[in-house]
Amino acid sequence: MDEPTIVRTSTAELYDAHVLKNYARAPLTLVRGRGAQVWDDQGRAYLDFTSGVAVNALGHCHPHWVAAVQRQAGELIHASNLFRNPNQGELARRLVGRAGPGRVFFCNSGAEANEALIKLARLHGVRKTGVEGQCFKILCAQHAFHGRTFGGMSATPQEKVQKGFRPLLPGFEFGELNDLASFAARIDAGTAAIFIETIQGEGGIHVCTPEFLAGLRKLCDRHDLLLMIDEVQCGIGRTGNFFAFEQAGIRVDAIGMAKGLGGGFPIGAVWIGERSADLFHPGTHGTTFGGTPLACAAALAVLDVIEKEGLLAHVSRESIPWIAALGRLAQDFPDSVLGVRGRGFLVGVQMAGDAGICVAELRERGLLAAVAAGGVVRLLPPLNATAAELARSVEIFRSALSARA
Ligand SMILES: Cc1ncc(COP(=O)(O)O)c(C=O)c1O
């Protein structure tokens with residue numbers, strides 16, 4: 001009998017031949033992770049401060065998370081929203097406990113969470129005017145990023161995101177972040193909502209001031225608009241608060257979340273405050289994979305670990321010396337680093353030149369970081385990164401900058 005022909009093809013070759021070329025990927029194949037470390041297929045270790053772009057909140061393969069997912073995978077993975085499952089009910093209860101009285105819808109990604117928010121704004125407009133198509137405008141911010149679906153793209157005023165896909169969804173206008181007047185000036189009878197990230201992630205780590213958020217709340221109250229917050233990247237403990245907007249002490253009407261919620265398992269969620277939660281009724285929205293027993297088990301494990309390991313306090317405490325140490329890079333290498341901004345474990349280093357080159361230099365030295373718009377190197381450690389790992393990231397950054405001089 002003929003032996004089967006085994007063709008050994010490298011992962012790079014497989015990608016080259018068969019995977020859609022819609023990402024600019026680093027030349028790196030990752031095969032294993034533990035905590036804040038990942039290993040490539042050559043056995044080389046890296047400190048992973050991308051955390052899968054703010055997804056791996058507990059780092060890689062946290063034992064409590066792994067056990068919870070393994071246990072649930074052996075019991076019930078998916079049953080659809082034709083039925084209840086205990087994990088979805090419990091996760092909704094825990095998120096309501098964090099966000100306030102209201103209800104939760106589960107989906108699978110950040111863009112999908114934001115689509116539900118955009119639909120919510122439209123339903124609110126119908127409630128306000130009694131008719132469809134008159135009140136549906138949503139005010140967003142310049143430099144925002146809300147996802148790649150048509151709704152998400154339409155709310156994302158970035159040429160590189162929108163180019164080639166027009167016409168987009170109508171009804172989006174854009175104010176300047178932290179400039180209340182520029183939002184106030186765009187409100188009219190057709191406006192239904194304000195939709196904003198507390199900290200813009202992809203757009204370059206731009207932080208809303210507490211005064212700006214409080215001002216948006218007042219504008220929404222005055223004009224009966226929903227204040228909808230995109231916490232897809234900055235939420236679930238990343239800033240040291242469970243939701244980043246909590247720092248402003250404001251009440252919001254709806255929250256979109258995803259990324260860190262599942263700790264690596266895809267899940268998105270929308271919390272809607274009690275005044276508007278009933279705008280959705282059977283038949284108005286849904287998604288096949290939303291809130292499966294397995295996805296919710298993963299998210300419950302993330303919430304357990306955040307609570308049991310005191311990760312909110314950990315992020316608040318450890319981020320202060322870390323951000324200060326990164327700030328010293330701007331003093332010591334003023335030709336390369338213009339400044340550092342962000343909060344908690346969502347930090348951007350503003351480079352004078354190309355951030356992509358810097359990210360490659362860091363990678364060569366064993367630190368994985370991400371690029372954000374406007375020449376920013378984005379650092380997103382897992383929420384349980386140790387003081388030693390944070391210090392190591394600064395050392396590697398310093399050595400990369402020193403090697404340039
Ligand atoms: C603030 C924000 N909203 C929405 C999204 C889209 O999320 P997803 O890629 O899960 O669709 C992202 C992704 O980076 C994001 O950062």
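Modeller: In this predicted model, a residue is near a molecule if one of its heavy atoms lies within 4 Å of it.

Colleague: How many residues surround the ligand, and which are the closest?

Modeller: The shell around the ligand splits by class into 3 nonpolar, 6 polar and 4 charged residues. G110, A111, D230, Q233 and K259 are the closest, and the number of residues surrounding the ligand is 13.

Colleague: Which helix gives the most to the shell around the ligand?

Modeller: The helix in question spans residues 110-129 and contributes 3 residues to the shell. With that contribution it gives the most, and its name is α5.

Colleague: How far is a polar side-chain atom of D230 from a nitrogen atom of the ligand?

Modeller: Polar contacts here are pairs of N or O atoms within 3.5 Å. A backbone N or O atom of F145 is 3.5 Å from a ligand nitrogen, and a side-chain N or O atom of E202 is 3.4 Å from a ligand oxygen. For the polar side-chain atom of D230 and a nitrogen atom of the ligand, the distance is 2.7 Å.

Colleague: What share of the ligand's accessible area does the protein cover?

Modeller: On its own, the ligand has 390 Å² of accessible area.

Colleague: Why can V19 belong to a nonpolar patch on the surface with L14 and Y15, and what is its relative accessible area?

Modeller: V19 lies in the loop between α1 (11-18) and β1 (30-34). Together, L14, Y15 and V19 have about 230 Å² of accessible area. A patch takes residues with over 30% relative accessible area, and V19 qualifies because it is partly exposed, at 31%.

Notes:
Residues are numbered from 1 along each chain as its sequence is written. This is a predicted model: local features need pLDDT of at least 70, side-chain atom pairs count only at pLDDT 80 or more; totals for chains, interfaces and linings use all residues. Side-chain values use heavy atoms; hydrogens and water are left out. A polar contact is a pair of N or O atoms within 3.5 Å; within protein, one must be able to donate a hydrogen and the other to accept it, and residues adjacent in sequence count only if both atoms are side-chain atoms. Accessible areas come from the Shrake-Rupley method with a 1.4 Å probe; for residues, only the protein chains shown count as cover. Helices (H or I, at least four residues) and strands (E, at least two) are DSSP runs, numbered from the N terminus. Ala, Val, Leu, Ile, Met, Phe, Trp, Tyr, Cys and Pro count as nonpolar, Asp, Glu, Lys and Arg as charged, and the others, Gly among them, as polar. Patches are made of residues with over 30% relative accessible area and no salt bridge: like charges are joined within 9 Å, nonpolar side chains (Val, Leu, Ile, Met, Phe, Trp, Tyr) within 5 Å. A salt bridge is a side-chain nitrogen of Lys or Arg within 4 Å of a carboxyl oxygen of Asp or Glu. Buried means under 20% relative accessible area, exposed over 50%, partly exposed in between (1.4 Å probe, protein chains only).
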